[in-house]
Structures are given as structure tokens and as C-alpha cells.
2 protein chains.
Amino acid sequence: MSFSVFGLEGLPYVSEGDDIARLIYEAAVSIGLEFEDKDIVVVTQKIVSKAEGRIIKLEGIEPSDFASHIGKMMDKDPRLAEVVLMETSRIIRMKGNTLIVETHHGHVCANAGVDFSNVKDGYVTLLPVDPDASARGLSDKLFELTGKKLAVIITDTWGRAWRLGQVDFAIGVAGMAAFRDYRGETDYLGHELRVTNIAVADELAGAAELVKGKSAGVPVVIIRGYDYPEGDGLGSDIVRPVEEDLFR
Amino acid sequence: MSFSVFGLEGLPYVSEGDDIARLIYEAAVSIGLEFEDKDIVVVTQKIVSKAEGRIIKLEGIEPSDFASHIGKMMDKDPRLAEVVLMETSRIIRMKGNTLIVETHHGHVCANAGVDFSNVKDGYVTLLPVDPDASARGLSDKLFELTGKKLAVIITDTWGRAWRLGQVDFAIGVAGMAAFRDYRGETDYLGHELRVTNIAVADELAGAAELVKGKSAGVPVVIIRGYDYPEGDGLGSDIVRPVEEDLFR
């Protein structure tokens, strides 16, 4: 089995109201790329947030007392801290200038995914309100445009417990299962595999990151040839319920 | 930019003392695959451990009182619990039948990586003593055999905090940097990127897992075309020092 991963070059800078599915389709047409059934389209959260208007101007944000406190304690703009708190359902860790939270979606990441890279000065982007709905919308629209059944994964770049550096994770999924479940199958020697349930959507997100580059501006990546598990998976499927989580 | 990921079929079942680099080389020759400079050879920990004799027969293991207690509490074979404790430097969480530990290498995973899948009945495999040295040995030997500079990543399949399912992680690295560091570079709009230091070795490990399959027995994967960051990276570079870790 094999697959290939390639960046979709030529997307314009995305602004509020843009039709990302159409921009992806047009970028593909312009380089002669014909989509195939089972292609996976991996889209950086940032352009989805921009298109959906999930951008906030810091000017005019009134920081609460707690946000002002966080701002002072963590050397952050207190208005940014206020926006992070708006996006937060639970604070997981506050230490040094690190603020790890659970978002309203249940994802655990620094600063609730609020970010000021690749957005104009004085503004920050928020995660999409419902990244799975965003992914579903892109998949449906790409089907209309191309006639092909494409899976879509929306990704963001987050740190991890225990390990340095960041990797891309799947926050929205449509058109495929998020996991490949080997439980009940047998290994090479006939033993039953007990706990192997691979979060393939996260592995695909990470694979796509490798060709994105943070500075180069390639926010869409195509993965071709991976025989993904069929299903109506969701990014929210990957969130470990808090009551089963040993680290929240 | 693009890259491809393909499983190396045709490796024999690996036993203690086997020369994995030679087996990889011979499998490649048998399918007409010629290695190229900058190919990345991703190798499942399991075959490295087997070749290095990191297999223990449970019969004859005398469980300590604490291992017997863990066995009873967690419905595990107490001899297995004893082996896990031998491999453990610090217990991070014990709950239900989940035992999350820090290994002597510093990696955090369930059961210290001790595993009984794809190994004969009554035996378990341990992680390599020094996965970075194992990776370096494979890279050096493959250079002798092929004349090509190949990066090597040794991987294992672990769960994560906050997210369900498992993904493959890099535990040994040779011939490349483990991270691509964007800190100090600027984004699309000219802002400095502050904290983006991508753990590419982990993303490559996950990408390779996608073509392995747990039951199909494809323990070696080739990644071709990824322009990895040069350097003498190590899997141990990815371990977050305990004093900087908010979740240990």
C-alpha cells in the first residue's frame, strides 16, 4: 500500500465570505489536477476561520479582571487573554506563560486555538465554531464541483503533553472514519489485538503538515492513494471524554 | 512539495540476531527498489526489539509484591506487571487497568512499551535499550549496503492525553533533525512566528503507520521526497524534560 501527499499551490489569500471549496477547485483546475474518489483534502483551520469570519479585532475588546490578571501574569495582551477565555470551557494548566485549555469543542490546546499568525495586525483568529460542520460543508461543495467523493480534514497545530514541539491534529473530519479500529483482529501470529484503534485522521493531519510549511502559505494539501476507513467520522470523535481522561 | 509513503513488502519474520539493515536491503532488491539519498526508512520498534533480543519469557519472572498488587488491581498477568516495572522510571498514572509510565528513556506511554502482539505466546517485547543508537546503527549499515544516506526513524504506537486512539511516535531517529524549527521566520504576512517548532519525526512516524497495518505485518515503510531538515536529531530530543512538563 502507498499514498502520496502534495501541497495545493496557488490558493489566493482567503478573506471572510470566500468560498473555500471553489477556491480549492479553481486552484486544482489551474494546475491541471483532477480530483479522484478517495482523495483527502486537508485544510488548515486558519483559512476556514477566515472564510467563516472567525476573526476578532482586539481593539474594542474589554478585558475582564481575570483576563487582565492573566495578561499581566503571562505577559500577554489582556484583550487576547479575554478572547481566549471566551473560547474556553475549562482551564487545564496555567504556568509560566503557558495557558492550556479545553475549548468549547472539547479539544485541549494552548490559548484555545486563538492565534495571530497569518492574520492582519490587531486581529486574531478563532477556531471554527463547528469544525466538523465546516468539513462537511467543504466535502459536500467539492462533490458538487468535482463529482468526486472527497474526504476533508480540517487541522490545527498544537503541542502535546510529554513531548516537545507541535504537530498537526484533525479538528474537523468529513467523508471518512476518524479511526481505523483493529480491535478484534489478529496479529501476524494469530493473537487478538486488544487496544489498537488508530487515530488515522490525526496521522493524516500530521502527514499533510509536512508539506505545508508555516511560512510558505500552502494551506491545502491533497493526500492520494490512502485507502481510508469508510464512515461518518468526526473530529469530535477524537476528543477523549473528560471523565475518561487521566490528564484533565 | 510532495512526498510518497510506501510499505516495504516481503520482509521475513525477524528473530534475535537478525541483521535488519540487510533484511531491508534484500527486501528492497527483491522488489527492484533502489534507495535514493534522503529516503526515510521507518522501522517498527517491534522488529528492532526482536533482532536485539529485547524479548522476555514470562515464565520464570518472579513478580514482586507491588507487581502482584498491580496485576490483581488491573487484571494483568503479575509477571507482565513485573516486566513493566523493570522498564519504568516513574509511574505517571494508575487507574482502572491503565498504567501510564515514564520509561528509562523518558518516553511516556502505557505499560512502558512492553507488548505481546506479534511475539510468540508466553513472551513479551521490550523497547530497545537505546532506540537512537538502534536507528544510527541501521542508518550506518544501510549506507554501507546502498551507498545512500538514508534517515531512519524507529516508531512505536502509543495513546495520547486528551485524545482517543493511538498514533505512531518516533522513539529513535538518525540521519535527520527531529524538528523543523520555524521560530524566527515570518508568516505569510511578515509576522514573526513565535512558537512553531514542528516535531516532524513524529509526523513522519504517523504517516508511515498509515501503510503498516497492525495485522498485515509490514514493519518497514519508506518515505520518499520529503525534504527533511538536516541534522543529528534524536528521538530523545522529542522527550519533554520532566521539569518543563505540565502533565507529569
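The model is predicted: local features need pLDDT of at least 70 and side-chain atom pairs count only at pLDDT 80 or more, while totals for chains, interfaces and linings use all residues. Residues are numbered from 1 along each chain as its sequence is written, chains are lettered from A in the order in which they are written, and side-chain values use heavy atoms, without hydrogens and water.

Chain A is superposed on chain B by a rotation of 180° with 0.0 Å of shift along the axis, at an RMSD of 0.0 Å (least squares on the C-alpha atoms of residues with pLDDT of at least 70 in both). The two copies are thus related as by a two-fold rotation axis. In chain A, the C-alpha nearest this axis belongs to Ser4(A), at 2.1 Å. Of the interface residues of chain A, 100% are also interface residues in chain B, so the copies meet through the same surface.

Within chain A, Lys50(A) is part of helix α2, residues 45-51 (helices are DSSP runs of H or I, at least four residues, numbered from the N terminus). Lys50(A) is buried, with a relative accessible area of 5%; buried means under 20%, with a 1.4 Å probe and protein chains only. Leaving out residues up to four places away in sequence, Lys50(A) touches residues including Tyr13(A), Glu16(A), Asn118(A) and Thr125(A), where contact means heavy atoms within 4.5 Å.

In chain B, helix α3 (residues 65-74) packs on helix α4 (residues 78-86) at an angle of about 120°, with their axes 8 Å apart. Axes are lines fitted to C-alpha atoms over the stretch in contact, and angles run from 0 to 180 degrees between N-to-C directions. The contact is made by residues including Phe66(B) and Ile70(B) of α3(B) and Pro78(B) and Leu85(B) of α4(B).

Definitions and conventions:
Helices (H or I, at least four residues) and strands (E, at least two) are DSSP runs, numbered from the N terminus. Buried means under 20% relative accessible area, exposed over 50%, partly exposed in between (1.4 Å probe, protein chains only).
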